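Try each task yourself before you read the solution.

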Amino acid sequence: MSQPWTLDDMPSQKGQTILITGTGGLGFEGALALARSGADVIIAGRNPTKGAEAIRRIKEQAPQASVTLEIVDLGNLASIEALAKRLKETRDHIDVLINNAGVMTPPTRQTTKDGFELQFGTNYLGHFALTGHLLPLLKLRQAARVVTLSSVAVRSASAAINFDDLRWQRHYKPMLAYGQSKLACLMFAFELQRRSEEAGWGVASIAAHPGVSRTDLLHNAPGRHSAQGLLRTFLWFLFQPVAQGALPTLFAATSPEARGGGYYGPDRLSETRGHPTEAQIPRQAMEKHVAHRLWEISEKLTGISFNAQAPTPELSGPGATTIAREG
């Protein structure tokens, strides 16, 4: 970008219907900014209390905001299908879907309701299923967008898709599992763009990451007294404010300059902080044969076939997979 992109550069979102997953942290800041800009915002989260508080805070800061709460457990495929069914009954389109909510590095292996490792199930498979279910509503709009959040963690050489043990049943390692889930998100974003172009869906798929931001993920997952939690607590000055971390996502969701198949993150200190710019794409995220295999496996695990989705508000799909945490 020729100059730093800020919220002042975000075009009016009046008339746009935008769904964002997650009620706190990046999800809250994104929803607040979008509501202030005139969008009809749907916040999708797991915790009704946290969700109601997020709505209250947004209304307090933006009294004219159009914002509603939908309850969904991204770790539960049945819950995701139920949300999609409600939306298809009450909404005639969605302009932007922001796959934001996530869970990070639980110290011991946990699973979703459907038996997937929690991070892979929540961060990736839940959003894969949600996108598939909502594709008919997205295809009804010109220039619809799907924004999927990845992480700087995918730049590690150890980040890989472990097809031999996707559920981490043998040797669970929290950070490796997190890296896999976020690499899967990035590969999904690129593969969705390729498939949209090939099928003529007219949906732009864009990836973003927040750098290193001061969210509650490190406190809520491994815990405040873990090594990661203590780092977040005592070296807080190394973490940029959450509102700043939300800028790449908001750029991807709203800017005319954001392109389908793009990947955006902060522009300074190895993409850990700053303003939105094109992010470095790790080599492993560009392996199309891996992305294709991951997609095919994901369709089987979730029971979702993107090609079977009709461009009308009619829900189809099996129904049953569990996922979520930051939401």
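## Exercise 1: The cavity

The largest cavity has a volume of about 40 Å³. This is a predicted model, in which local features need pLDDT of at least 70, side-chain atom pairs count only at pLDDT 80 or more, and totals for chains, interfaces and linings use all residues. Residues are numbered from 1 along each chain as its sequence is written, and side-chain values use heavy atoms, with hydrogens and water left out.

**Task.** Find which residues line the largest cavity, and sort the lining by class.

**Solution.** 

Step 1. On a 1 Å grid over the protein atoms alone, a cavity is a set of points where a 1.4 Å probe fits but cannot get out, and lining residues have an atom within 4 Å of a point. Grid points are joined across faces, edges and corners, and the volume is the space filled by probe spheres set on the points.

Step 2. Search the whole structure: one cavity of 30 Å³ or more turns up.

Step 3. Read off the lining, which consists of Ile 20, Leu 26, Gly 30, Ile 98, Asn 100, Leu 149, Ala 246, Thr 249 and Leu 250. The elements giving two or more residues to this lining are α1 (25-36) and α9 (247-254). Helices (H or I, at least four residues) and strands (E, at least two) are DSSP runs, numbered from the N terminus.

Step 4. Sort by class: six lining residues are nonpolar, three are polar and none is charged. Here Ala, Val, Leu, Ile, Met, Phe, Trp, Tyr, Cys and Pro count as nonpolar, Asp, Glu, Lys and Arg as charged, and the others, Gly among them, as polar.

Step 5. Ile 20 sits in strand β1 and is buried, with a relative accessible area of 1%. (Buried means under 20% relative accessible area, exposed over 50%, partly exposed in between, with a 1.4 Å probe and protein chains only.) Between Ile 20 and Val 147 there are 9.3 Å in space, C-alpha to C-alpha, although they are 127 residues apart in sequence.

## Exercise 2: The sheet

**Task.** Work out the strand order of the open sheet, and say which strands stand at its edges.

**Solution.** 

Step 1. Two strands pair here if DSSP finds at least two bridges between them.

Step 2. Trace the order. Eight strands follow one another as β3-β2-β1-β5-β6-β7-β8-β9, with mixed pairing.

Step 3. Find the edges. β3 and β9 (273-278) each have a single partner strand, so one side of each is left without a neighbour in the sheet.

Step 4. Compare some pairs.
- β1 (residues 17-21) and β2 run parallel, joined by five bridges; Thr 17 has Asp 40 in β2 as its bridge partner.
- β6 and β7 (residues 203-208) pair in the parallel sense over six bridges, and Leu 149 stands opposite Ala 208 in β7.
- β8 (residues 263-268) and β9 run antiparallel, with four bridges. They form a hairpin with four residues between them, and Leu 269 in the turn has a positive phi of about 50°.

Step 5. Ask how enclosed β2 (residues 40-45) is. Five of its six residues are buried, so the rest of the structure largely encloses this strand.

## Exercise 3: Salt bridges

**Solution.** 

Step 1. Define the contact: a side-chain nitrogen of Lys or Arg within 4 Å of a carboxyl oxygen of Asp or Glu. The structure holds 12 such salt bridges.

Step 2. Take the distance. The closest N and O atoms of Arg 86 and Glu 70 are 2.9 Å apart.

Step 3. Arg 86 lies in helix α3 (residues 77-90) and Glu 70 in strand β3 (residues 66-71), so the pair ties together parts that are 16 residues apart in sequence.

Step 4. Arg 86 is partly exposed at 30%, whereas Glu 70 is buried at 17%.

How values were computed: 1 Å grid on protein atoms, 1.4 Å probe; cavity = no way out; pocket = protein on both sides within 12 Å on 5 of 7 lines; lining within 4 Å.
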